[in-house]
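Here are my notes on the model, point by point. Please read them with the structure open.

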Amino acid sequence: MQFLDPLLIVVLALNFVALGVSRIRAVINAVALQGILLGLFPLFMHHDLGLRGHVLSIVTVALKGYIIPRFLFHAMREANIQHEVKPVINYMSSLLLGAIGTGLAVVFSSTLELADEHAALLVVPAALATVWTGFLMLTTRRKAIMQVLGYLLLENGIFLFGLLLLEALPFLVEVGVLLDLFTGVFVMGIIIHHISREFASISTDNLAELKD
């Protein structure tokens, strides 16, 4: 448990990296590193995981840290994009909103009734802050690939919160969340491909003009 808070601080820092940089490759790397850390968390939070928990960690690290990022790098090359251009709000404002959301997450989590072993940890604040960061990415970025990354951040926050209940949740539920994540990213990759084929820009504003 003593290693959790430093790792959770890194998770929070990666949220700000995702909000504050324009290079898409850097955002993908930040989300991938965050996914790897999340995959390792069950090993630190629960000492008697058994085979179920170890398989979950391996699948999470492989999917979030390698498979999905490789898929996104491929989509980025196919669409021939490197930077996010003209987001809905600028990067400084995004960082400010991210900081406000993180502060509110810390305040709100202090009002929740948590188990004694979880009350002193940053798990709930980090989970809520990551969900907020994902929501910001989804609503303030124009390029479809950046919105995929927002979706990934949103799921990372939900996954982190779910780790508090890992011992009570069936293994198939956890794996189902990861499979839903992979399916969502796969579908978004197809959308990105069609946008880049039909239009000069992969802004999601063009989704309204796609035809069957």
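1. Start with Lys64, which is in helix α3 (residues 50–79). Helices here are DSSP runs of H or I with at least four residues, strands are E runs of at least two, and both are numbered from the N terminus. Lys64 is buried, at 5% relative accessible area. Buried means under 20%, exposed over 50%, and partly exposed in between, with a 1.4 Å probe and protein chains only. The side chain of Lys64 has a polar contact of 2.3 Å with the side chain of Glu155. A second polar contact, of 2.6 Å, links the side chains of Lys64 and Asn156. A polar contact is a pair of N or O atoms within 3.5 Å; within protein, one must be able to donate a hydrogen and the other to accept it, and residues adjacent in sequence count only if both atoms are side-chain atoms.

2. A word on the source. This is a predicted model, with local features needing pLDDT of at least 70 and side-chain atom pairs counting only at pLDDT 80 or more, while totals for chains, interfaces and linings use all residues. Residues are numbered from 1 along each chain as its sequence is written, and side-chain values use heavy atoms, leaving out hydrogens and water.

3. Now the overall make-up. The chain has 8 helices and 0 strands. Its pattern along the sequence is α-α-α-α-α-α-α-α. Of the 212 residues in the chain, 45% are buried. Take the contacts (heavy atoms within 4.5 Å). Of those between residues at least 6 apart in sequence, 76% join residues at least 24 apart.

4. Next, α6 against α7. Helix α7 covers residues 144–162. The two helices pack at about 160 degrees, with axes 7 Å apart. Axes are lines fitted to C-alpha atoms, for helices over the stretch in contact, and angles run from 0 to 180 degrees between N-to-C directions. α6 and α7 are therefore roughly antiparallel. The angle classes are under 35 degrees for roughly parallel, over 145 for roughly antiparallel, 65 to 115 for roughly perpendicular, and oblique for the rest. The crossing of α6 and α7 is left-handed. Left-handed means that the near helix is turned anticlockwise from the far one by less than a right angle; right-handed means clockwise. Contact residues include Val123, Ala127, Val131 and Phe135 of α6, and Leu149, Leu153, Asn156 and Leu160 of α7. The residues of this contact split into 16 nonpolar, 7 polar and no charged. Ala, Val, Leu, Ile, Met, Phe, Trp, Tyr, Cys and Pro count as nonpolar, Asp, Glu, Lys and Arg as charged, and the others, Gly among them, as polar.

5. α6 also meets α4. Helix α4 spans residues 91–109 and helix α6 residues 123–140. Their axes come within 8 Å and cross at roughly 150 degrees. α4 and α6 are therefore roughly antiparallel, and their crossing is right-handed. Among the residues that meet are Gly98, Gly101, Thr102 and Ala105 in α4, and Leu128, Ala129, Trp132 and Leu136 in α6. The contact of α4 with α6 holds 10 nonpolar residues, 6 polar and no charged.

6. α4 packs on α1 as well. Helix α1 (residues 4–20) and α4 lie at about 155 degrees, axes 8 Å apart. α1 and α4 are therefore roughly antiparallel. Their crossing is right-handed. Leu12, Phe16, Leu19 and Gly20 of α1 make the contact with Tyr91, Ser94, Leu95, Gly98, Ala99 and Thr102 of α4. The count is 6 nonpolar, 4 polar and no charged.

7. Which residues does Thr102 touch, not counting those up to four places away in sequence? They are Leu12, Phe16, Ala129 and Trp132. Thr102 sits in α4 and counts as buried at 15% relative accessibility. A polar atom of the Thr102 side chain lies 2.8 Å from the backbone oxygen of Gly98.

8. Last, two residues at 0%. Phe41, in helix α2 (residues 24–45), is buried at 0% relative accessibility. Leaving out residues up to four places away in sequence, Phe41 touches Leu4, Leu7, Leu8, Val11, Leu160 and Leu163. The C-alpha atoms of Phe41 and Leu8 are 9.2 Å apart, with the residues 33 apart along the chain. Leu163 is in the loop between α7 and α8 (171–198). Leu163 is also buried, with a relative accessible area of 0%. Its C-alpha atom is separated by 8.8 Å from that of Val123, 40 residues apart along the chain.
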